Amino acid sequence: MSNYSVLLVDDEEEVIDAIQNKIEWENLGFDVIGSAENGVKALELCEKNQPDVVITDIKMPYMDGLELSRHLKDEYPGTRVILFTGFDEFEYAKEAVHLEIEEYLLKPVNAQELTEALKRLKESLDKERAEQVNVQKLQNYYMESLPLLQTNFFISLLEGRVREQELDSYISDYQIEMTMKENVVVVFHASTHHIPENMTPLLLSISVEKGVENMMLDNWKGRAFTYLGNTVLIVGLPSSTDITRLTDECDRFCKWADRMMGATVTAGVGRPVDNLADLSASYDGAREAVSYRVLYGTKRAINIAEIAPHEEQDVSTSEHTQLTELFKAIHMGSEEMVSQSVDAVVEAIHQEAKTVNQYNLAAMEMVGSWYRFCTNNYLNFDEFTGGVKDPYKEVQQMDESMLKTWLMTVAISIREQLKNARNNSLQSIIVQAKQLVQNRFNDPDLSLDLVCSELGVSNSYFSSVFKKETGQAFIAYLTEYRMKQAAKRIVETQEKNYEIAEHVGYLDANYFSYVFKKHFGLSPSRYRAKYLGK
């Protein structure tokens, strides 16, 4: 460890020489780096050398020792000061306690006295240095641990364990940069039933996380980490409309993972939230979206807001886990799954209720959960009670068999209503897309991206539902419609190929002829000759 540096200040040269020669500086742990004959010169040397200790006389020309001490306190607060004072200056110097002078020594200076003062000063400086080293070690440890601390913070957000009033403190302490207006959670689920060759589930999970970091975080501000076997991506959205662009990029990643890694990855996109404290709701939506892969397929991105626009996240009930499972079965399970969940709900109520009062309370809580479930899905529960006018009262009177029958009736009727709502939503999207094609087929800029932008849905979702409902991809449908319009115009007019091409949205007549021949097996001119008999 290096010695502490000392600057000597006195207007008497022989005093400085005596101090330098009588003190065993090296043995005490100090090095004299220079001297000055007044406070002005001493400040210049302090600026240049930043000494640890300044030993100065009080009475000097131009700037005395007390004024020098004031400057040192203001400009170099870490520098320690030892003052030499004459007998008549001693009491005056002691009054300057606000200058935080380390030692006051009466002149003439005694070598033994100065040595003892330096020993005390060395002990104090060593202690301070050790504390600084410890602080630096803690700072280094903190910076090394920061990524893990940040991940733990985000996990706490996902689990809803961070109170809103604590957010600012955590964000500051963990140096979190989440300044966007809205934030959204994406869950990337890699199927463990389709592990690529030479990989383990752990390696697959790591590969997906690294892939998400490399491909997604170049374009989006956020954080990716592994949680409960899935890769979780938290993204800040510049605006709420960017959710469709994010969904499409997630979809491209899933297809890349299949092509490059042989991994079956499904991305679930939650709903954006404008408060980080509500991030758990977005996470729940993302996980729910992933579960819809049984209906919409894997290797793609699924946006919960698109597939379930009227199926708001159910406010999770703590009354019965089985009831939550029943609500999930209503959303996307088979009738058999609904029946099994109904049996589990009834069994749980009867097992947990030890008295009549407990049973009545459980029944009322269950009815309340049904009302909340319907409200969150824009439904009126009173329309699905199967003739029961006062569910809160009448359900309490039902025996086990009656309760099962009633719950099954309620669940199936709501399931059908939600299914019809989804189908109506899908049909509405398809009708609107076809209408856009009919109205704007002659627009060269009409494309999948433009249609999705007009409809406010992602390319991934639209492409999936359009093909499912029509049996063909949107671009194939658009091309077919344009070709039909072109064929009609070829037969009914005498327009030239380039005129017909422009009318159906093709700026390049040669490309139009190529597409037409590929579609009909004949060039436009031969098609005209065939149908006009020429």
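Predicted model: local features only at pLDDT ≥ 70, side-chain atom pairs only at ≥ 80, totals over all residues.
Which residue in β9 is the bridge partner of V187? It is G268.

V187 and G268 are bridge partners where two strands meet. Strand β6 covers residues 182-190, and strand β9 covers residues 265-269. The two pair in the antiparallel sense, over five bridges. They belong to an open sheet of five strands. Read across, the order is β7-β8-β6-β9-β10. The pairing in this sheet is mixed. At the edges lie β7 and β10, the latter spanning 301-303. Each edge strand pairs on one side only. On average, neighbouring strands are turned by 20 degrees against each other, direction ignored.

Helices pack on this sheet. Helix α9, residues 243-261, touches β6, β8, β9 and β10. The direction of α9 makes about 170 degrees with that of β9. Helix α10, residues 279-291, lies across β6, β7, β8, β9 and β10. Its angle to β6 is about 35 degrees.

Now turn to the aromatic rings. A search of the whole structure finds 26 aromatic pairs. One of them joins F154 and F225. Their ring centres are 6.2 Å apart, with 15 degrees between the planes, and the pair is stacked. F154 sits in helix α6, residues 111-158. F225 sits in strand β7, residues 222-227.

A second pair has another geometry. The ring centres of F441 and Y481 lie 5.6 Å apart. Their planes meet at 65 degrees, and planes over 60 degrees apart count as edge-to-face, so this pair is edge-to-face. F441 lies in the loop between α17 (400-440) and α18 (448-455). Y481 lies in helix α20, residues 474-492. The pair therefore ties together parts that are 40 residues apart in sequence. F441 and Y481 are both buried.

Further along, rings gather into a cluster. Ring pairs link Y506, Y511, F512, Y514, F516, F520, Y527 and Y531.

Go back to helix α6 for F153. Its relative accessibility is 2%. Buried means under 20%, so F153 counts as buried. What does F153 contact, leaving aside its neighbours within four places in sequence? The contacts are V162, L167, Y170, I171, Y174 and I176. V338 is elsewhere: its C-alpha atom is separated from that of F153 by 37 Å, and the two residues are 185 apart along the chain.

S369 is another buried residue, with a relative accessible area of 1%. This serine is found in helix α15, residues 356-376. Its side chain makes a polar contact of 3.2 Å with the side chain of R372.

Q50 lies in the loop between α3 (39-49) and β3 (53-57). It is not a glycine, yet its phi is positive, at about 50 degrees. Q50 has 44% relative accessibility and counts as partly exposed. L228 is found in the loop between β7 and β8. Its phi is near 55 degrees, again a positive value in a residue other than glycine. At 62% relative accessibility, L228 counts as exposed.

Key
Residues numbered from 1 in each chain as written. Heavy atoms only, no water. Phe/Tyr/Trp six-rings, centres within 6.5 Å; stacked < 30°, edge-to-face > 60°. Helix = DSSP H or I, 4+ residues; strand = E, 2+ residues; numbered from the N terminus. Buried < 20%, exposed > 50% of the residue type's maximum accessible area, 1.4 Å probe, protein only. Pairing = 2+ DSSP bridges. Axes fitted to C-alpha atoms, helices over the stretch in contact; angles between N-to-C directions. Contact = heavy atoms within 4.5 Å. Polar contact = N/O pair within 3.5 Å; in protein donor to acceptor, adjacent residues only side chain to side chain.
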